[in-house]
Amino acid sequence: MKLLFQGGHVVSASGVSRMDVLVEDELVAAVAPTLSCPDATVVDVTGKLLFPGFLDAHTHFDLDVANTTTADDFQTGTRAAVRGGTTTIIDFACPNKGETLAYGLKLWHEKADGKSACDYGFHMTIDDWNAGIRREIPDMIAAGIPTFKMYMTYPAMMIGDRDLYCALVELKKFNAFAGVHCENAGVIDALIAEKLEKGETAPSSHPATRPNALEAEAVGSLLRMAQVADAPVMIVHLSTKEALEEVRAARARGQTVYVETCPQYLLLDRSRYENEDYSMAARYVCAPPLREREDQDALWKALSDGTIQTISTDHCSFTLAQKDAGRGDFTRIPGGLPGVETRGILLYSEGVAKGRISAPQMCALLSETPAKLYGAFPKKGILAPGSDADIVVLDPDAQGRITAADQAANVDYSPYEGFITQGKIDQVYLRGHLTVDKGEILGAPRGKYLFRKC
Ligand code: MN
């Protein structure tokens, strides 16, 4: 099977160029200003942008959390992903405390294998540290998992300073690293208790219990521990201007720090929690919470100046019925937002079309840099000879409108309801297979496990 994409502009992290792309079977065979191939099927992409398929390195599909299970499993979640141009997701395998990493990995393969509409890999969550877990680190790397996750908050998963430090030291020996959820657990608990004591139980109390300072404090604390461990680290879903300052300070000391943010922290703000209608407010509950306009501005600037390396979604979806669990007690609202389906077009529309970032920067943030950081480059993250033919055909001149009625995710709302997008995704190819055409998902799930190596 040969496909020849003619007339388009190929986007990479270094530029946008008028290029034809020849695909042979599942791989890119050639990229050049003018290509011809008599036995190839021609795909006319005149006037379109061709992005390498987006990677979303932060999803939670089929996760048991807060006495319920996320609304999206690997089947619906990856359909949503690929529909939005994301051809690779990296989900968090999450063994419970007391379970082995091997068990967590087996469980996540059972959840994902044969059901995924896009390619997928796993990060491994470390929520315990002992001799057994330590011995399993090389096993995980041998299984294609060179990246890990730790939590500084959430009782079910949080890891103390000693264990976090020991894990950072051990991971570094294998050229592996961890992404860390940074919020100060103890003070958040105290703030929640204050709110509940006062009877302030509505969703509007949620952001007040997780203020900017408590993200910045945890980021600062993590980065000082990483300094002592002499280990690189990734701050996941960074949401505040104060936390950016901690990152800059650590880099000025010579540390290697990677930063991820998410569309919700760029495009939605704290006022969403002020709605008197419980359901309208509860649907936005996530942690860290939505922040202020000035945080958004600082994050956009940090994307543009290179302070932030990647944009993932933290897709962790619950239906409005599931979000109802917190009526009368905001702490019972399952935390998380859907986002895997809309990240690409939102970043194009709100970022590139509005001039906040360039198309090459978008390509770096969504494709090339995550592929490099997470050990999938150049198979993923670039359209170059030998790479997987994961191609997003984006029409920069079309407009779209985001609405829950038009989404593949198994959720009955969109946090971005009503957003008008400049630009629209026309087609998505997964390893050379036309997988999405004008919003329609074609064929059986053909996502493969992505073996990664850092
Ligand atoms: Mn998460």
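A residue counts as buried under 20% relative accessible area, as exposed over 50%, and as partly exposed in between, with a 1.4 Å probe and protein chains only. The model described here is predicted, so local features need pLDDT of at least 70 and side-chain atom pairs count only at pLDDT 80 or more, while totals for chains, interfaces and linings use all residues. Residues are numbered from 1 along each chain as its sequence is written, and side-chain values use heavy atoms, with hydrogens and water left out.

The metal site was examined first. Three protein donors, His58 (NE2), His60 (NE2) and Asp314 (OD), lie 2.1 to 2.2 Å from the manganese ion. Donors are N, O and S atoms within 2.8 Å of the metal (3.2 Å for Na, K and Ca); water is not among the atoms, so sites may look incomplete. Along the chain, the manganese donors follow the spacing H-x1-H-x253-D. Histidine 58 is buried, with a relative accessible area of 0%. Histidine 60 is also buried, at 6%.

Empty space was examined next. Rolling a probe the size of a water molecule over the atoms shows where empty space is left. On a 1 Å grid over the protein atoms alone, a cavity is a set of points where a 1.4 Å probe fits but cannot get out; a pocket is an open set with protein on both sides within 12 Å along at least five of seven lines; lining residues have an atom within 4 Å of a point. Points are joined across faces, edges and corners, and a volume is the space filled by probe spheres set on them.

Two cavities of 30 Å³ or more are present.

β14 (177–181) and β13 (147–151) each supply at least two lining residues. β14 gives the most, with three. Helices (H or I, at least four residues) and strands (E, at least two) are DSSP runs, numbered from the N terminus. This lining has eight nonpolar, three polar and no charged residues.

The largest pocket has a volume of about 1100 Å³. Of its 48 lining residues, Val65, Ala66, Tyr154, Met157 and Gly335 are the closest to its centre. The lining divides into 24 nonpolar, 14 polar and 10 charged residues. The second largest pocket holds about 480 Å³. It is lined by 19 residues, and Arg83, Ile345, Asp406, Lys424 and Ile425 lie nearest its centre. β19 gives the most to this lining, with four residues.

β19 also belongs to an open sheet of seven strands, in the order β3-β2-β7-β18-β19-β20-β21, with mixed pairing. β3 (15–18) and β21 (440–441) stand at the edges, each with a single partner strand, so one side of each lacks a neighbour in the sheet. Two strands pair if DSSP finds at least two bridges between them. β20 (residues 433–437) and β21 pair in the antiparallel sense over two bridges. Valine 436 has isoleucine 441 of β21 as its bridge partner.

Methods:
Nonpolar A, V, L, I, M, F, W, Y, C, P; charged D, E, K, R; others polar.
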